[in-house]
Amino acid sequence: MPPSVTTRREKQKAEQRSELVAAAHKLVQEEGYEGLTIRKLAKRVGYAPMSVYSYFADKQDILFALAEDAFETLARRIEEHPSDDPIEALQAVMTEYAAFGLGNPNEYRTVFMTEKTKLPEGKSYDDLEESNPAMKVLISRVEACVAAGKLQGDPRAIATMLWAVGHGTISLLITFPFYPFGDPQAFVKRMCDFTLATLSTQNVPPLTETPVNC
């Protein structure tokens, strides 16, 4: 098959996959996790249900695709807030992460609060990490804080702890909206400031005995 034909087909397939991912985002925003089905997704874009399986093996595969897309969106939003102060730059990551989650609660529940029982077919954890620009930005900004002497220890461990606090905070705000947290963004900032203040007083060791390269 001529290269031009192969390239055209690959481009068409990539465009169709993007169309499916965009439609999946809409379904989740409107109907939540339960509304995301292969049949509904196929109907929304005008495809036969079986044709969707040529792009995604199952519903969990779609969730990973949504996560990858969400991470790209989040990374772009974070990069719009640079700062010469490494701590402020790091705080911007948490602020944008919270704004994304609180502004898209159905999507946040589906993408970040749905159990992932297996890796996508043909992909390793390293592949997933490579396709997560938001985590790369978080780690790089933690590294800048370490280099500036604002934080001490393993950047990946610090980044993971910040992510855990951020995720826990946003999850509570979404799932317990009746609890008197006060202003959501102010509560997120309070939790972020508290965590950074605590981390700044200690040298944070790696999460595992064999440190992972950042």
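Residues are numbered from 1 along each chain as its sequence is written. Because the model is predicted, local features need pLDDT of at least 70 and side-chain atom pairs count only at pLDDT 80 or more, while totals for chains, interfaces and linings use all residues, and side-chain values use heavy atoms, with hydrogens and water left out.

**View 1. The largest cavity and its lining residues.** The count comes to one cavity of 30 Å³ or more, where a cavity is a set of points, on a 1 Å grid over the protein atoms alone, at which a 1.4 Å probe fits but cannot get out. Met94, Val165, Gly166, Thr169, Ile170, Val188, Met191 and Cys192 form the lining, each having an atom within 4 Å of a point.

**View 2. The packing of helix H5 against helix H6.** H5 (residues 86–103) and H6 (residues 105–112) meet at an angle of about 105°, with their axes 5 Å apart, the axes being lines fitted to C-alpha atoms over the stretch in contact and the angles running from 0 to 180 degrees between N-to-C directions. The two helices are therefore roughly perpendicular to each other, a term used for angles of 65 to 115 degrees. Tyr97, Phe100, Gly101, Leu102 and Gly103 of H5 make the contact with Pro105, Tyr108 and Phe112 of H6, contact meaning heavy atoms within 4.5 Å.

**View 3. The packing of helix H4 against helix H8.** H4 (residues 59–79) and H8 (residues 133–147) pack at an angle of about 35°, and their axes lie 7 Å apart. On the H4 side the contact is made by Phe71, Glu72, Leu74, Ala75, Ile78 and Glu79, and on the H8 side by Pro133, Ala134, Val137 and Arg141.

**View 4. Residues 37–56, a span annotated in UniProt.** An unreviewed UniProt entry places the feature "DNA-binding region" at these residues, and such annotations may be inferred rather than shown by experiment. In the model, residues 37–56 are 60% helix and 0% strand, and their end C-alpha atoms lie 12 Å apart.

Key: 1 Å grid on protein atoms, 1.4 Å probe; cavity = no way out; pocket = protein on both sides within 12 Å on 5 of 7 lines; lining within 4 Å. Points joined across faces, edges and corners; volume = space filled by probe spheres on them. Helix = DSSP H or I, 4+ residues; strand = E, 2+ residues; numbered from the N terminus. Parallel < 35°, antiparallel > 145°, perpendicular 65-115°, else oblique.
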